[in-house]
Amino acid sequence: MMKSLANAVGGKTARACDSCVKKRARWYCAADDAFLCHSCDKFA
Ligand SMILES: [Zn+2]
């Protein structure tokens, strides 16, 4: 199985934020291995 995180980050994803799960994720945080929205990124 292959992970294609590069595609997920670079593409036009509509993936939900892994932290709040309410907003659309905008960043991939490698340290937390999670996708975060703009709001949650402030707390990371
Ligand atoms: Zn969030």
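Student: Is C37 exposed, partly exposed or buried?
Tutor: Leaving aside its neighbours within four places in sequence, C37 is in contact with several residues, among them C17, C20 and K23. The cut-off for a buried residue is 20 or more other C-beta atoms within 10 Å, and for an exposed one it is 12 or fewer. C37 has 19 other C-beta atoms within 10 Å, so C37 is partly exposed.

Student: Is C17 buried or exposed?
Tutor: C17 lies in the loop between α1 and β1, and its contacts beyond four places in sequence include A25, F35, L36, C37 and C40. Because C17 has 20 other C-beta atoms within 10 Å, and 20 or more is what the cut-off asks for, C17 is buried.

Student: Which residues make up the largest nonpolar core?
Tutor: In soluble globular proteins, nonpolar side chains tend to be buried together. Here the largest nonpolar core holds five residues in all, and in the chain of 44 residues 11% count as buried. The members of that core are C17, A25, F35, L36 and C40.

Student: How many Å separate the C-alpha atoms of D18 and F35?
Tutor: D18 has its place in the loop between α1 and β1, and with 16 C-beta neighbours inside 10 Å it counts as partly exposed. Not counting residues up to four places away in sequence, F35 touches R15, C17, D18, A25, W27 and Y28. D18 and F35 are 17 residues apart along the chain, and the separation of their C-alpha atoms is 5.3 Å.

Student: What is the phi of D33?
Tutor: D33 is found in the loop between β1 and β2, and D33 is exposed because it has 9 other C-beta atoms within 10 Å. Although D33 is not a glycine, its phi is positive, at about 50 degrees.

Student: In what order do the elements of the chain run from the N terminus on?
Tutor: The secondary structure of the chain comes to two helices and two strands. Among contacts between residues at least 6 apart in sequence, 0% join residues at least 24 apart. From the N terminus on, the order of the elements is α-β-β-α.

Student: Which element of the chain has the lowest mean pLDDT?
Tutor: The chain has a mean pLDDT of 78, and 66% of its residues reach 70 or more. Where pLDDT is low, the predicted coordinates should not be read in detail. Among the elements, β2 has the highest mean pLDDT, 92, while the lowest, 52, belongs to helix α1.

Note on methods: Residues are numbered from 1 along each chain as its sequence is written. This is a predicted model: local features need pLDDT of at least 70, side-chain atom pairs count only at pLDDT 80 or more; totals for chains, interfaces and linings use all residues. A nonpolar core is a set of buried Ala, Val, Leu, Ile, Met, Phe, Trp, Tyr and Cys residues joined through C-beta atoms within 7 Å. Two residues are in contact if their C-beta atoms, placed from the backbone, lie within 7 Å. Helices (H or I, at least four residues) and strands (E, at least two) are DSSP runs, numbered from the N terminus. pLDDT is the predictor's confidence in each residue, from 0 to 100.
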